[in-house]
Amino acid sequence: MINLLALKHLDCHQKFLQRRVKSDIFLVGWCVRDLLLGITDDPLDIDFTCAWTPEELDKLINTEWLSHFKTDKFWTITLIPPKEKERSYQLTPLRTEWNYWDFRHPGEINWSNDIILDSKRRDFSINAMYYFSVKQKTKKSLDFVKDCPKIISDDDVLKILKKEWYCYLSDINLLILCDSQFINQIFPNAEFDEYAFRYLIETQSECYCVNSVCEEKNKDRFIRSESQLFRILIDPTWWIESLISRKLVTVWDPDQRFWEDALRLIRWIRLVNICNYQLLQLWLQKNTKNKKWIDKNKDRDVTLDKVQLFDFASETRDSIKRNANLLSHVAKERIKEELCKAFQKWDPFGFIVLLDASGMLPILFPALAKTKFVDQPIRYHAFDVYTHIISSLKFVQQINSDYLVRFAVLYHDVWKVQQYAEYEKAKTKEEKQIIFSGPYNHRESSPVLMREDFSALWFSKKEIEVMERYIHEHHTPGEILKAHPNNWVKKIRKLFSEKWFDMVNNLFDINIADRVGQANPLQNSSDLSDSLYLKELLNKLNDQEWQFEMRDLAVNWEKIMKHFQLSPCPLVGDLLRQAFDWVLTDISGRNKEKEIYTYLENYLKNKNFQKTI
């Protein structure tokens, strides 16, 4: 159900901006969408538009006391109010675009004062819904509005719009416009005509109401909100129908939209992913309390409300598949930006699944795409390599928000394609052992494939190096668990000494997700108590000892050389490593010069004894 009543939360922003821009302005895009879906009642990123050229707007807009900056190409100016760290307003004038010469950028931009023309150049219908509110100038009241309006549903609103092309809802004083002729009559040259607005309302045959509060509290009366404020929802691309049916569509011909800007292929995937993630979170939030009540009343025939998620319209889905190869024309840094946005928040698992369904997975992540239908030994994994990887990704995104961790999980097993191919060729046990201990081990060579694919996407050297460490070490926590429990603290200390706390903690999360992704009862992958205990030990060491490194030893190479009367040689480094490894077992008790020297003297004696043997 769409929440038309929530649009009133935009009025304060419209009022704030109207004081800054001496022109009629229209809020557009995601802020309108989020309110209609009920995802939020306080949008932080607000896009708005108006007529006039950039030169004229320079004179019309007042940026005093506002932080602001602008881009030259589309003359998008960003306004940041004082004491507002998260909220921003972005103004881009109404315009038309032509001659897309490189599948990405328009060759010609013309500033416009026509809302219809502006809507036609937009990519998705979700970005082509405009909201306008204004305080009435005349003193004439809306006495013609009936006191007992008919309460209607979303489907009823849609039926009225298809028949009349507009619908006035008296309880929230909102006029929905879907006809270009009516839009041009009420907003000639993108300026509001109150008399045309009143005339259209007066000609409506019935008065309607969507406020559910009216129906529940008093069917004979309705709540009329701020009769002095006119609200208009302008929808020239029929986005409201897509909103109700949960089918996302492009503005006009999808092939044309993707030929104009091929980056829209990925943005479209991310848009569906974001909408569905937000709707699911909203559903979970609303139904948590209901679920507890239902669990206590299992004998009653009561179920949780169902959530209706978004999907592509069939023509849009087919167009994405046809035009996936256009991504080759898009700058790699822009593709990387979209991928990072998808992995930094929302639902990376759903994003990858949609990429796969749309045919873009082999283009963006070729090594990952090759893992599909590659079977694994059933004693270790219940599914093929690809299913294991995305199952691990689905779990890790629940416990870790680091985008590099999520990307590392996406590629932690990609070399298994080559590993299993070689394993099938091996005939003897020794040959198989060589495969698992050499370069064909997926732990050793998966970072190689990751480097190739992510370098092609223009990830930085630092980002790739971090992911390499995660992939190469993703079995290390499991190896610690295989040791005797008495040695767990020592091994964690050593791992902690080599890497920072965040990296070790991330490694544990990757290993946990890898275990969950096995989905194999033979491996007891559902019992994570031992892995969680390692994380507790890590947190305890972090709180009590911090990171113990080689430089924290009570001795150094100079002291060792002086004590044992040695000149610089490899033996000095060996003694330092032996001392460090010995101290890690009991830092407070062993990190003393006398104890360390005693241990090293015994070590040298045993070493010389072993040599004589």
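Predicted model: local features only at pLDDT ≥ 70, side-chain atom pairs only at ≥ 80, totals over all residues.
**Stop 1: helix H2.** Select residues 30–37. Helix H2 is mostly covered, with seven of its eight residues buried. Those are Cys 31, Val 32, Arg 33, Asp 34, Leu 35, Leu 36 and Leu 37. Step on to Gly 38, which follows H2 and has a positive phi, near 80°.

**Stop 2: Asp 34.** Go back into helix H2 and pick Asp 34. Its relative accessible area is 11%, so Asp 34 counts as buried, the cut-off being under 20%. What does Asp 34 contact, leaving aside its neighbours within four places in sequence? Show Ile 39, Thr 40 and Gln 278.

**Stop 3: Arg 231 and Asp 11.** The salt-bridge count comes to 24. Start with the side chains of Arg 231 and Asp 11, which meet at 2.7 Å, N to O. This pair links distant parts of the chain: Arg 231 sits in strand E13 (residues 229–234) and Asp 11 in helix H1 (residues 11–20), 220 residues apart. Both Arg 231 and Asp 11 are buried.

**Stop 4: Asp 42 and Arg 87.** Their side chains form a salt bridge at 3.1 Å, N to O. Asp 42 is in the loop between H2 and strand E2 (45–50), and Arg 87 is in the loop between strands E4 (77–80) and E5 (88–91), so the pair ties together parts 45 residues apart in sequence. Buried or partly exposed: which is Asp 42? At 38% relative accessibility, Asp 42 is partly exposed, whereas Arg 87, at 9%, is buried.

**Stop 5: Asp 118 and Arg 122.** Here the side chains meet in a salt bridge at 3.0 Å, N to O. Asp 118 and Arg 122 are both buried.

Conventions
Residues numbered from 1 in each chain as written. Heavy atoms only, no water. Buried < 20%, exposed > 50% of the residue type's maximum accessible area, 1.4 Å probe, protein only. Helix = DSSP H or I, 4+ residues; strand = E, 2+ residues; numbered from the N terminus. Contact = heavy atoms within 4.5 Å. Salt bridge = Lys/Arg side-chain N within 4 Å of Asp/Glu carboxyl O.
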